[in-house]
Amino acid sequence: MDPSAIGHDCKNNNCVDNLIAAKKSLKLSLEKSKTLGLALEKAGPRLEEINQRLPSLEAAVRPIRADKDALAAVGGHINRAVGPAAAVLKVFDAVHGLEKSLLSDPRNDLPGYLSVLKRLEEALWFLGDNCGLAIQWLEDIIEYLEDNRVADGLFLSKLKKLLKGPRELQNDGEKIHLDGGLLDAALDKLENEFRRLLMEHSVPLPMSSPSLGEQACIAPSPLPVTVIQKLQAILGRLIANNRLEKCITIYVEVRSLNVRASLQALDLDYLEISVSEFNDVQSIEGYIGQWGKHLEFAVKHLFEAEFKLCNDVFERIGLDVWMGCFAKIAAQAGILAFLQFGKTVTESKKDPIKLLKLLDIFTSLNKLRLDFNRLFGGAACIEIQNLTRDLIRSVIDGAAEIFWELFVQVELQKQSPPPQDGSVPRLVSFITDYCNKLLGDNYKPILTQVLVIHRSWKHEKFQERILVNEVLKIIKAVDLNLETWVKAYDDATLSYLFAMNNHWHLYKHLKGTKLGELMGDSWLREHEQYKEYYSTRFLRESWGKLPGHLSREGLILFSGSRATARDLVKKRLKTFNEAFDEMYKKQSGWVISERDLREKTCQLIVQTVLPVYRSFMQNYGPLVEQDASSSKYAKYTVQRLEQILLSLFLPRRERYGSFKDRPTSGKFDNGGCGTIPYHISYFILCPWTAVPLDIVISLLKDQILGVARV
């Protein structure tokens with residue numbers, strides 16, 4: 001064979017082998033790639049897992065790369081930080097363990113409740129003191145790990161974020177953030193228990209006696225000792241948690257309502273009267289007496305008890321606290337209303353009666369002076385003190401002013417006309433009774449004290465007899481007024497009746513009195529003598545002239561001529577009747593106020609007129625009784641004449657029944673004009689048979705014409 005061919009064949013065989021080998025290799029590579037692809041497909045999730053674990057692995061590996069000294073110190077820092085934090089967590093667990101007990105009702109076991117509450121407070125104080133320390137230690141270890149690159153930054157960032165919340169709460173200083181509001185809830189329950197104990201044992205004082213003066217001087221403490229002890233225990237915990245003001249508010253609210261409930265039984269609506277609601281003191285005169293009794297009762301029973309109770313409940317806290325508490329109770333319960341009523345009285349219009357009422361107010365305040373100083377003398381009661389001082393000053397100023405003006409007021413009345421009926425002027429009866437009261441044991445010491453104080457304010461000395469001398473001046477002014485009024489009458493007979501009336505009034509009403517002793521026996525006898533003098537003149541100048549009209553002169557001469565004697569008797573009876581009717585007409589409206597003087601005067605008139613009239617009628621009446629016109633001359637029987645004379649000088653109310661006095665304006669009034677004339681009122685309301693018809697008609701006619709002229 002051709003060698004070249006053989007070589008060529010060899011080459012071809014090698015190529016085939018190579019191709020086969022390449023085929024096998026490619027096939028093998030393809031199978032390996034397929035196997036590798038399957039392996040890679042399975043390795044994908046594992047790689048993702050490894051990728052996720054890399055940060056933690058890196059953080060775990062980091063300490064290996066950290067400085068050796070830093071790694072050695074990490075353990076100590078961590079131990080110091082974990083210790084306080086673990087203790088705080090244990091206390092937090094203990095706080096949550098107290099929740100059930102503290103959310104229960106304190107009344108079931110108050111000592112146990114307070115004990116648990118105290119444990120909560122101690123736990124919160126521990127947390128308050130140690131939370132900051134634990135947080136600081138944790139922040140320090142984080143800072144150390146960060147500075148020394150011992151821990152992963154992402155991990156440290158998360159730790160910082162977790163510590164930011166506790167640090168903000170700790171900076172607020174609010175315990176509510178530490179216990180979730182458990183302490184406040186427990187304190188609210190204690191406040192409610194404080195209120196409940198007060199309300200259940202605060203009972204209005206019973207008004208068992210109609211006379212307040214018969215009550216005990218000082219009321220006992222209105223709360224049992226055990227209740228006071230509970231209140232004090234509650235106060236201790238509430239004060240420790242800055243709730244004293246809330247306790248005081250509750251206490252004042254409950255106790256002041258209790259005092260007001262006690263006072264409601266006294267019917268104190270009059271305390272709300274304003275100055276504009278009454279014209280003068282007389283319209284509220286009765287209230288002033290009640291005011292003194294009610295004020296004494298309120299101070300000695302109610303406020304005294306509250307004063308003692310405030311001391312018992314708050315004594316451990318301090319004087320300022322319980323005095324301030326009492327001051328609020330007194331103000332809210334009504335002491336200011338009592339004082340304001342007294343001030344309202346002082347602001348009313350001046351009136352002589354007002355002096356006595358102001359002295360009554362001063363007496364009540366002076367009687368309670370020591371109680372006021374003790375109960376309301378503290379700085380907390382400054383409003384009560386100021387109003388009391390203002391009231392006392394107004395009372396003293398007002399009383400002194402009215403007293404010193406009395407003399408001037410009496411003098412001014414001299415210009416007013418005397419009473420038209422000759423009675424005792426209201427000024428005279430009022431002033432004598434008034435001055436007697438001022439000199440009496442009830443008012444003289446008080447008025448003297450008031451005048452002494454008033455003068456001391458002006459830096460003036462008070463003379464011992466200044467009060468007596470002023471009263472003497474007033475009575476002498478009354479005497480001068482009487483002298484002036486006696487001369488003011490146009491009718492002399494009426495002036496005698498007026499003088500007789502007033503001299504007897506002064507003698508009768510001042511004899512045996514303080515004022516009578518002051519004026520002296522000679523002054524009294526002088527008035528008695530003047531009464532007798534004017535009584536005699538009155539009778540002689542009026543009724544004493546009537547018997548002269550019934551003279552028997554000439555009748556004996558005509559005893560043989562019956563007709564002549566009858567004419568003379570008729571003439572004299574006619575003259576007597578006319579004189580009698582005229583005199584009765586004039587004097588029927590006159591008044592003698594004093595019953596004994598009136599009866600004596602009427603008896604004297606009867607004794608002066610009746611015997612002569614009876615004798616005349618017995619002897620000469622038959623001459624005219626058979627005449628057709630006998631009633632024209634024999635108008636009065638002896639009995640009728642006596643009845644008429646004995647009905648003279650009656651006061652208005654005794655003539656036609658009693659009536660209520662009209663309210664006075666506060667000024668002295670002599671009882672002059674402005675009402676229905678006395679005579680008309682009398683005859684309209686009396687039986688017509690009391691007085692002959694012609695006299696009635698004549699009187700009515702004259703009085704009506706007189707009113708028309710006025």
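Predicted model: local features only at pLDDT ≥ 70, side-chain atom pairs only at ≥ 80, totals over all residues.
Good morning. I begin with a pair of side chains: E599 and R595 meet in a salt bridge, with 2.9 Å from N to O. The two residues both belong to helix α22 and stand 4 residues apart, about one turn of the helix. E599 is partly exposed, with a relative accessible area of 42%, whereas R595, at 57% relative accessibility, counts as exposed.

Which residue forms a salt bridge with R195? The partner is E253, and the closest N and O atoms are 3.4 Å apart. This pair links distant parts of the chain, since R195 is in helix α6 (residues 182-201) and E253 in helix α8, 58 residues apart. R195 has 26% relative accessibility and counts as partly exposed; E253, at 35%, is also partly exposed.

K350 and E405 form a further salt bridge, their closest N and O atoms being 3.1 Å apart. K350 lies in the loop between α11 and α12 (352-367) and E405 in helix α14, so the pair ties together parts that are 55 residues apart in sequence. Both are partly exposed: K350 at 46% relative accessibility, and E405 with a relative accessible area of 27%.

I turn to charges over rings. R393 lies over the face of W457, at 4.0 Å from the ring centre. The charged end of K473 sits over the ring of F407, 4.5 Å from its centre. F407 is also a contact of E470, together with F403 and W404, once neighbours within four places in sequence are left aside. E470 is placed in helix α17 (residues 466-488). Is E470 buried or exposed? Its relative accessibility is 8%, so E470 counts as buried.

Now the aromatic residues. The structure holds 24 aromatic pairs. In one of them, the rings of F576 and Y613 have centres 5.2 Å apart and planes at 25°, so this pair is stacked. F576 lies in helix α21 (residues 562-587) and Y613 in helix α22 (residues 595-625), so the pair ties together parts 37 residues apart in sequence. Both residues count as buried, F576 at 1% relative accessibility and Y613 at 0%. Elsewhere, F303, F307, W322, F326, F372 and F376 form one aromatic cluster.

Next, the nonpolar core. The largest one has 165 residues, and those with the most contacts inside it are Y251, F303, L355, F376, W543, F580 and F649. Helix α9 gives the most to this core, with 13 residues. Apart from neighbours within four places in sequence, L355 is in contact with A399, I402, F403, L406, Y434, L438 and L447.

Finally, helix α10. Why does its length agree with expectation? At 1.5 Å a residue, the 15 residues of α10 (residues 319-333) should span 21 Å, and the end C-alpha atoms are 21 Å apart, which agrees. Its buried residues include W322 and F326, and both of these belong to the aromatic cluster already described. The buried residues of α10 pack against α8 (244-264), α9 (285-314), α11 (335-346), α13 (369-375) and α14 (382-412). Just after α10, G334 takes a positive phi of about 135°. Thank you.

Key
Residues numbered from 1 in each chain as written. Heavy atoms only, no water. Expected span 1.5 Å × (residues − 1). Buried < 20%, exposed > 50% of the residue type's maximum accessible area, 1.4 Å probe, protein only. Contact = heavy atoms within 4.5 Å. Core = buried A, V, L, I, M, F, W, Y, C linked by side-chain atoms within 4.5 Å. Phe/Tyr/Trp six-rings, centres within 6.5 Å; stacked < 30°, edge-to-face > 60°. Lys NZ or Arg CZ within 6 Å of the ring centre and 35° of its normal. Salt bridge = Lys/Arg side-chain N within 4 Å of Asp/Glu carboxyl O.
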